[in-house]
Amino acid sequence: MGRLTGKYSKANPPPSGRYFSNVNMDELEPLLEYMRKLAEKYNVSVSSVALNYVICKGIRILLWSMQNLLVFSGVIPLGGARDGKQAEQNAGAFGWRLTAEEIADLENYPVTPSASFWNRFWQHG
């Protein structure tokens with residue numbers, strides 16, 4: 001989630017030598033700016049906004065039983081934390097929800113990652 005934490009920006013790009021996705025920071029900047037506005041609105045960190053988006057979107061697991069199709073919805077985001085501050089930011093994703101409009105707005109920002117061979121197997125940030 002490195003690029004969506006707010007730690008990096010166009011003015012403060014990720015360090016060279018890090019294996020991040022090939023999404024250009026110029027392309028991500030409008031999305032990050034909107035996420036900063038949401039973070040300010042909810043008084044949380046940008047990474048909390050990113051994790052809350054994952055929680056709100058959820059996942060669906062379909063299981064077929066002999067008689068019924070069972071659908072389980074939900075997701076538990078696994079945000080890593082190197083220290084207490086990052087753990088607090090991750091915890092800030094709980095106790096509130098993005099609105100349906102905010103989710104749709106986040107999804108309207110185009111992001112076109114490179115389809116390089118390496119990035120098909122390893123994505124970080």
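Guide: First a term: contact, or touching, means heavy atoms within 4.5 Å. This is a predicted model, where local features need pLDDT of at least 70, side-chain atom pairs count only at pLDDT 80 or more, and totals for chains, interfaces and linings use all residues. Residues are numbered from 1 along each chain as its sequence is written, and side-chain values use heavy atoms, with hydrogens and water left out.
Visitor: Okay, what does Ser48 touch?
Guide: Leaving aside residues up to four places away in sequence, Ser48 touches Gln89, Gly92, Ala93 and Trp96.
Visitor: And is Ser48 buried or exposed?
Guide: Ser48 is buried, because its relative accessibility is 1% (buried is under 20% relative accessible area, exposed over 50%, partly exposed in between, with a 1.4 Å probe and protein chains only).
Visitor: Which helix has Ser48?
Guide: Ser48 sits in helix 2 (helices are DSSP runs of H or I, at least four residues, and strands are runs of E, at least two, numbered from the N terminus).
Visitor: Switching topic, how many aromatic pairs are there?
Guide: The whole structure has two aromatic pairs. One of them, Tyr42 with Trp96, is stacked, at 4.4 Å centre to centre and 25° between the planes (rings of Phe, Tyr and Trp, using its six-membered ring, pair if centres lie within 6.5 Å; planes under 30 degrees apart are stacked, over 60 edge-to-face, the rest tilted).
Visitor: Where are those two in the chain?
Guide: Tyr42 is in helix 1 and Trp96 in the loop between helix 3 (84–91) and helix 4 (100–107), 54 residues apart.
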